[in-house]
Amino acid sequence: MNPVLKLLLESGGLSTAEMAQVLNLSEAEVNRHLDQLRKDGVLLGWRPVLNIPEEDGAVRAVIEVRLTPERGGGFNRLAERISRFDEVESCYLMSGGYDLLVFVSGSSLQKVAAFVSEKLSTLEGVLSTATHFLLRTYKEQGFLMDTRAEDNERLKVSP
Amino acid sequence: MDTTRYIARHVVDLPRSGIRDFFEIVSKMQDVISLGIGEPDFDTPWHIREAAIYALEKGKTHYTSNLGLIELRRSIHRYLERHFGISYRPEDEILVTVGVSEALDIAFRALVNPGDKVMFHQPCYVSYHPSITLTHGKAVPVPTFAKDNFALTAEALEKAWEPGCKLLVLNLPCNPTGGTCTRAQLEAIAKFAIEKDLLVLSDEIYAELTFDGEHVSIASLPGMKDRTIFLHGFSKAFAMTGWRIGYACGPAALVEAMMKVHQYSMMCASIISQEAAIEALERGSDGMKAMRDQYHRRRDFIVRRLNEIGLKCHVPRGSFYAFPSVEVTGMNEKDFAVGLLKAERVAMVPGSAFGANGAGFCRACFATSYEHLIEAANRIERYVSKLKA
């Protein structure tokens, strides 16, 4: 695996200068690796992982979508089309009782509901949707929301 | 009333650990980046912690067999066969202990008669010498040297040997030096042990944290299984220091002797820790490898930086310790460590805490985050360049 990528996965908070130090590369080389990762379509972008109180945050929902598959492309054309909406944060093809699992967010419940009823379920080929609103987050992309319990006091010197 | 007169003479004479002295200074300071901690910075992987919680829920709150849970001994048996190429019978050749520390202690108590001589390589873990003293044995330190990357050599053993030597303690990879032995070096040590009829206590707590080449246990060499007590535990590889869980394996008669001491002092290791240990052995290898990979990269970084700064440092093949020389500063290791702590708030442990021939070196534990390692290296650099100027 690309050494820069490995370090990113391990310790995401390092600056390029710090990564350069750890990997014994110049900062320019680290940037070149990052550019290459972007060019290869491996590194898609950056995003902070936040813990925003529910009342201030966006309304999020997961939607199970059933689709009519198409000759030649299966679910791809519709899935890609759905993915393009700004409201859609993530979109996955699933095995099992439905076809797409779509994560959407909006500033209010009404907005998310409107997106589902007006945009998503009206698409030709969408057979049904089932929308579940997220009530509370306990873990987000590898980070626990409640980190208080994790502050362990270690000895400063030990044998 | 003078209560000290009640204290046993050999305990009065026992020196306090050099680490303890240094700890007293560090603990009074704020914002210290500590490279002085001898434990993983990772918390125990969650699946292991969860196994312990589950065990509690299931009412696993009782004594276990003195030898330890048979399921754990079976897991240990399989693990050692697979990863160390040694086979011990779960029924009578494996004893579960309260960390390797207890295993060492009961081994000495079971084996050492007053006046028996015990060889061990130095610099070494702080407990060996005092543990030998506490059993009224005579400590025979064998030096290891930076020029050998702190591997123990048969030549040094030959030179230090004296009539009456009975035991040889090995700790490879070694705390504090990170030194370890190649197969060929170990074969020479085995030959020496057989020649001198020594029993070997092999503390292999850092075995899994070997970064370059293979880890070879002396117990796996021809003719050595019968004259080796193999000591291992979970603290370092599985980030389980606080669980206090380890084990000793060896010939049934010796395990039985150690078990006698163990049953009258500890009775058994904590059942919760034993349950967690089973989980670690059966399902912990991915997590362990991920941690090892991180230590490996951190080692490469910190050793490179220390050498750039001018603190000459060999590449430790195992453990999570770098052991740089502070010779270039013209200071002794204690003054350097205290000076660095006061000026730049970085803690490294003076090498002399690990035996007299650790003088001139400091131990830097790299089981800490990249951010801390980068900042610590920058601060050390600033301190050293001020000294040079």
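Okay, quick one to start: which residue stands opposite A:Leu67 in β4(A)? It's A:Val126.

Before I go on, some housekeeping. This is a predicted model, so local features need pLDDT of at least 70 and side-chain atom pairs count only at pLDDT 80 or more, while totals for chains, interfaces and linings use all residues. Residues are numbered from 1 along each chain as its sequence is written, and chains are lettered from A and ligands numbered from 1 in the order in which they are written. Helices (H or I, at least four residues) and strands (E, at least two) are DSSP runs, numbered from the N terminus.

So, the sheet in chain A. We've got four strands in an open sheet, in the order β2-β3-β1-β4, with antiparallel pairing. Pairing here means that DSSP finds at least two bridges between two strands. At the edges stand β2 (88-93) and β4 of chain A, each with a single partner strand, so one side of each has no neighbour in the sheet. On average, neighbouring strands are turned by 20° against each other, direction ignored. For angles in general, axes are lines fitted to C-alpha atoms, for helices over the stretch in contact, and the angles run from 0 to 180 degrees between N-to-C directions.

Strand β1 (residues 59-67) of chain A is joined to β4(A) by seven bridges, running antiparallel. Besides the pair I opened with, A:Arg66 has A:Ser128 as its bridge partner in β4(A). β1(A) also pairs with β3(A), antiparallel again, over seven bridges, and there A:Ala61 is partnered by A:Val104.

What packs on this sheet? α5(A) does, touching β1, β3 and β4 of chain A, and its direction makes about 15° with that of β1(A). Contact, by the way, means that the C-beta atoms of two residues, placed from the backbone, lie within 7 Å.

In the loop between α5 (109-120) and β4 (126-133) of chain A you'll find A:Leu123. Is A:Leu123 partly exposed or buried? Partly exposed, because there are 13 other C-beta atoms within 10 Å. The scale is: buried if 20 or more other C-beta atoms lie within 10 Å of the residue's own, exposed if 12 or fewer, partly exposed in between, with C-beta atoms placed from the backbone. A:Leu123 is 41 residues from A:Ile82 in sequence, and their C-alpha atoms are 9.0 Å apart in space.

Staying in chain A, α2(A) and helix α3 (residues 27-39) pack at an angle of about 105°, axes 8 Å apart. That makes them roughly perpendicular; the cut-offs are under 35 degrees for roughly parallel, over 145 for roughly antiparallel, 65 to 115 for roughly perpendicular, and oblique for the rest. A:Thr16, A:Ala17, A:Met19, A:Ala20 and A:Leu23 on the α2(A) side meet A:Glu27, A:Val30 and A:Asn31 on the α3(A) side. By type, that contact has five nonpolar, two polar and one charged residue. Nonpolar covers Ala, Val, Leu, Ile, Met, Phe, Trp, Tyr, Cys and Pro, charged is Asp, Glu, Lys and Arg, and the others, Gly among them, are polar.

Now the interface. Here 14 residues of chain A are in contact with 23 of chain B. Helix α2 (residues 16-23) of chain A gives the most to the chain A side, with three residues. That side divides into five nonpolar, five polar and four charged.

Over in chain B, the buried residues of α13(B) pack against α2 of chain A, together with β1 (33-34), α11, α12 (333-344) and β10 (346-347) of chain B. Those buried residues include B:Tyr370, B:Leu373 and B:Tyr383. α13(B) has 19 residues and reaches 27 Å from first C-alpha to last, close to the 27 Å expected; the expected span is 1.5 Å times one less than the number of residues.

The axes of helix α11 (residues 285-309) and helix α13 (residues 370-388) of chain B come within 10 Å and cross at roughly 10°, so they're roughly parallel to each other. Their contact divides into eight nonpolar, no polar and three charged residues.

Last stop, α9(B). B:Leu254, B:Val255, B:Met258, B:Met259 and B:His262 are buried there, and the buried residues of α9(B) pack against β2 (94-97), α5 (99-111), β7 (228-233) and β8 (246-249) of chain B. Of those strands, β2(B) is joined to β8(B) by four bridges, antiparallel, with B:Val96 opposite B:Tyr247.
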